[in-house]
Protein chains: 2
Amino acid sequence: MRDCLPEQLQPRLEVIEKMCRVFQLYGFQPLETPAMERLEILTGKYGDEGDKLIYRVMKRGEELKRSLGDIADSCSPLGDDINSLTKFVSKMAPDLGLRYDLTVSLARVVAQHGNKLPKPFKRYQIAPVWRADRPQRGRYREFIQCDVDIAGTDSMVADAEIITLFIDVFNDLKLPAFEVLVNHRGLLKALSTACGNLPEKSNDFCTALDKMDKIGMDGVVDEMSKRNLQTEKLSQLWELTQQRCYINQSEELNALFNSFSEFIDLDESNELFLKQMEELFRLLNGLSIPRDIVMFDPSLARGLDYYTGPVFEIFCRDRSIGSLAGGGRYDELIGMFSKQSIPAVGASLGLDRIVDILLEQGIIETKKTTVDVMVIDIDKSNDSIEYCGMILKELKKAGISCELNYDRDRQVGKQIKAADKRKISFIIFAGEGETATGIVRKRHFSKKFEPIDLYVNIKRLIDGDERKNITLSDCIRWIKESR
Amino acid sequence: MRDCLPEQLQPRLEVIEKMCRVFQLYGFQPLETPAMERLEILTGKYGDEGDKLIYRVMKRGEELKRSLGDIADSCSPLGDDINSLTKFVSKMAPDLGLRYDLTVSLARVVAQHGNKLPKPFKRYQIAPVWRADRPQRGRYREFIQCDVDIAGTDSMVADAEIITLFIDVFNDLKLPAFEVLVNHRGLLKALSTACGNLPEKSNDFCTALDKMDKIGMDGVVDEMSKRNLQTEKLSQLWELTQQRCYINQSEELNALFNSFSEFIDLDESNELFLKQMEELFRLLNGLSIPRDIVMFDPSLARGLDYYTGPVFEIFCRDRSIGSLAGGGRYDELIGMFSKQSIPAVGASLGLDRIVDILLEQGIIETKKTTVDVMVIDIDKSNDSIEYCGMILKELKKAGISCELNYDRDRQVGKQIKAADKRKISFIIFAGEGETATGIVRKRHFSKKFEPIDLYVNIKRLIDGDERKNITLSDCIRWIKESR
């Protein structure tokens, strides 16, 4: 976990603001959920490995005592060894967990507040999630997820909308060339079955297939053997899954669909999966998507277990970094928290990676974000504080950030040096006395004053340029011109 | 803890946006810190009661086992009773805690990153904090704090800036009549000593005095006796602390300072405290503060132990609700994390209360925030998807949120009903076919089209008003006029 200091935070906030604007234009509404969920909400959704990475929060006071007591009574772990103690404590001491992603919390919200929500419910959420993972370069135990989901419709229009939305966001951010890979989790399951595996093995199959890019054909054969998966048809499978094509290349796409139909068993559900893909691609082709950007990639798997339909990932074309965003349809997750099964589709965007790319490419910049102007009160009389107060007010009204000098009793020269170090852009001298830049005159003014009545000296710190006895209006103009 | 659904979240985001604008005009920069801190950072800062309210996060895997093992070896709690087990587990199992406020995290950041930060460091942070408190009406275990702090200066200009900033924020939010109460923690300590209490009793003294409003003079006498505080001079103290006055009433203010000087011991530090207050009030009076808004209230205490200088709280004038914001100077907190002692002042704003007041008074509104327009694709041909895609693009370009109809195969009448239920404002019919509102014509268009070439039918759902075969440009104008 890490602090995000102002210089790093500014570009991140800039990206978030742009994203939110696009989310809202697509009709998505913001949602906030608690950082902690009951532990049983979180466990069993991310696979065994994921479960281990959930941060667990301990019960408090009497409740902790009662739980440990229960255990002590029923299982007498107290006389037992340290392994049992650890197991008992791990099981009985925590009741809450920090969220591992935003999708499970959304599913809980839809199940819990369903009747209060519009149908379908379109929400975005930008919030930290926590994983007790071994930290790696660029990956932290606390990181921000940006999620967009539509719950309550099985229409492929929703899947197309999510993909189009992400393309719009990426274009809006001026992200360098990227492409969208799309596949269908159902078709992957069909491939697994066609290879001779039992249905319950399909997640293992996806996990192994997912590594093809990294470990190659031989690696995948090893991996599959280890997991007791059939490997006979692998070379045929390899050939099929290497046939990527852009979805606007209609001939290639048809050929690919045909190969699929030949390889898998064309039962009712597989027919539906193929139809869904055809419909999704038809929609995407229609919705003014730039050419050659969306690709059907039959080898794309996606890590999480809960996907049931189309899945997608977005990559930089040069693959200089891992996926920038990804998502898919998960029609069964909400049903785990509710009597009703509610179809849903959503996607998640990796904010840190995107900000890194935009910074690297100079598309956005880290900015010094200190104050624009420090007003130095020369006289230090009651009158002159009031004079400074009015100047500060006018500057703020003009959208210029400013402050009164803190070190009132320090030499003016030293105050200027300190301001320069803080990267303050301008110093305004106000009052009626002698300063480093000359005499500051002050006009009399009434309570109903106009900025034109306020006279000041001003110094630009970057080049030492200065203007003497100018009106505040001229001053403001100069500051704005200098930006 | 609770979910914040879109309808409740919108006004909160609106308030946050306004606040941030003012924070930035005052030259404050955003900071983000992790939700979890090491437990030793958090404990010992909030008093015993506070410590109990910190959420504790368990160690993971081997580390947990090792810690429980250490305990088992050295203290053999395994053979012991459940109280000892609970104590051991509470001590050894957690290593992290969820932050209890934002001030301690700021102090840690300044101590840790000091050399990378501008001096003074002015930051704001708007983020959730967690307290394992008994939930009450309007108070939750997870709530948002909005903090503004200046670390690295002991100048009273900083204290005045924070107070002025909060007044500006409240004015900007159009909050109903409010007032700011100011006191000095050092003066309270001087009062405690003057009553005959030992210096280490001054926090107890403050806590008891803090309740005067609620439990009256007799209650305070009881409370002080219970805490072994001297009560002889209480009636004199009562008289003194009841003398509130606005800081622009110079005669009353002088009288009050005189009473103070008579009651307390005028040693060096107490002299300084009085001078600080005089300087602070002089600054506040000068900085264009509206009259009759800041009050010197010698009974104001503030709960937290870490304050050392001026403290303040902001209340609605009618006292219909508890304090809306509060803060003060804490010159010794950062030194607890660093070899260096660094003076600091800051304040915190209660977002939920403020949003509640603004909503109650109708100053802000909860808004339906669904999409503005649903575009219904009549033809469902490839051509017509493309036509819809262009319409959607133009609507978004005009800042109008929109979506393509999800239920493509449902009767149009039913789709309209469902859209109405979702509070969608307009339906646009696109394509080339018969709809509930008549025939939709479509012009031929090239890829380089102008919105003027797109013809649609449109229906306003709130009153059923409709326009037929109008251009998209006219359409957009009508939608914007209807807002």
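## Close-up views of a predicted two-chain model

**View 1. Helix H8 on the sheet of chain B.** Helix H8 (residues 185–194) of chain B lies across E7, E9 and E10 of chain B, and its direction makes about 55° with that of E7(B). Helices (H or I, at least four residues) and strands (E, at least two) are DSSP runs, numbered from the N terminus. Axes are lines fitted to C-alpha atoms, for helices over the stretch in contact, and angles run from 0 to 180 degrees between N-to-C directions. Contact means heavy atoms within 4.5 Å. This is a predicted model, in which local features need pLDDT of at least 70 and side-chain atom pairs count only at pLDDT 80 or more, while totals for chains, interfaces and linings use all residues. Residues are numbered from 1 along each chain as its sequence is written, chains are lettered from A and ligands numbered from 1 in the order in which they are written, and side-chain values use heavy atoms, with hydrogens and water left out.

**View 2. The nine-stranded sheet of chain B.** The 9 strands form an open sheet with mixed pairing, in the order E1-E5-E6-E12-E11-E10-E7-E9-E8 (chain B). Strand E1 (29–30) and strand E8 (245–246) of chain B are at the edges with a single partner strand each, so one side of each has no neighbour in the sheet. Two strands pair if DSSP finds at least two bridges between them. Strand E6 (residues 142–151) and strand E12 (residues 344–350) of chain B are antiparallel and pair over 7 bridges. Within this pair, B:Ala151 is opposite B:Ala344 in E12(B). Helix H7 (residues 156–172) of chain B packs on the sheet, where the strands it touches include E5 (121–130), E6 and E12 of chain B; the direction of H7 makes about 15° with that of E12(B).

**View 3. The corresponding sheet of chain A.** Chain A has an open sheet of 9 strands with mixed pairing, ordered E1-E5-E6-E12-E11-E10-E7-E9-E8 (chain A). Strand E1 (29–30) and strand E8 (245–246) of chain A are the edge strands, each pairing on one side only. Strand E6 (residues 142–151) and strand E12 (residues 344–350) of chain A run antiparallel and are joined by 7 bridges. A:Ile150 is opposite A:Val345 in E12(A). Helix H1 (residues 6–25) of chain A lies across strand E5 (121–130), E6 and E12 of chain A, at about 160° to E5(A). Helix H13 (residues 268–286) of chain A lies across strand E7 (178–184), strand E9 (294–296) and strand E10 (310–316) of chain A, at about 155° to E7(A).

**View 4. Strand E4 of chain A and its partners.** In strand E4 (residues 94–98) of chain A, 5 of the 5 residues are buried, so the strand is largely enclosed by the rest of the structure. Buried means under 20% relative accessible area, exposed over 50%, partly exposed in between (1.4 Å probe, protein chains only). E2(A) runs antiparallel to E4(A), with 3 bridges joining them, and A:Met36 is opposite A:Leu98 in E4(A). Strand E3 (residues 56–58) of chain A is also antiparallel to E4(A) and joined to it by 3 bridges; here A:Met58 is opposite A:Pro94 in E4(A).

**View 5. Surroundings of B:Asp95.** B:Asp95 belongs to strand E4 (residues 94–98) of chain B. Its relative accessible area is 16%, so B:Asp95 counts as buried. Leaving aside neighbours within four places in sequence, the contacts of B:Asp95 include B:Arg38, B:Lys59, B:Arg60 and B:Glu63.

**View 6. The loop at B:Thr43.** B:Thr43 is in the loop between helix H2 (39–42) and helix H3 (47–52) of chain B. With a relative accessibility of 25%, B:Thr43 is partly exposed. Neighbours within four places in sequence aside, B:Thr43 is in contact with B:Asp51, B:Ile54 and B:Arg56. B:Thr43 and B:Ile54 are 11 residues apart along the chain, and their C-alpha atoms are separated by 8.1 Å.

**View 7. The two chains superposed.** A rotation of 180° with 0.0 Å of shift along its axis places chain A on chain B with an RMSD of 0.1 Å. The two copies are thus related as by a two-fold rotation axis. Both copies use the same surface: 100% of the contact residues of chain A recur in chain B. Copies are superposed by least squares on the C-alpha atoms of residues with pLDDT of at least 70 in both. pLDDT is the predictor's confidence in each residue, from 0 to 100. The model has ipTM 0.89 and pTM 0.90.
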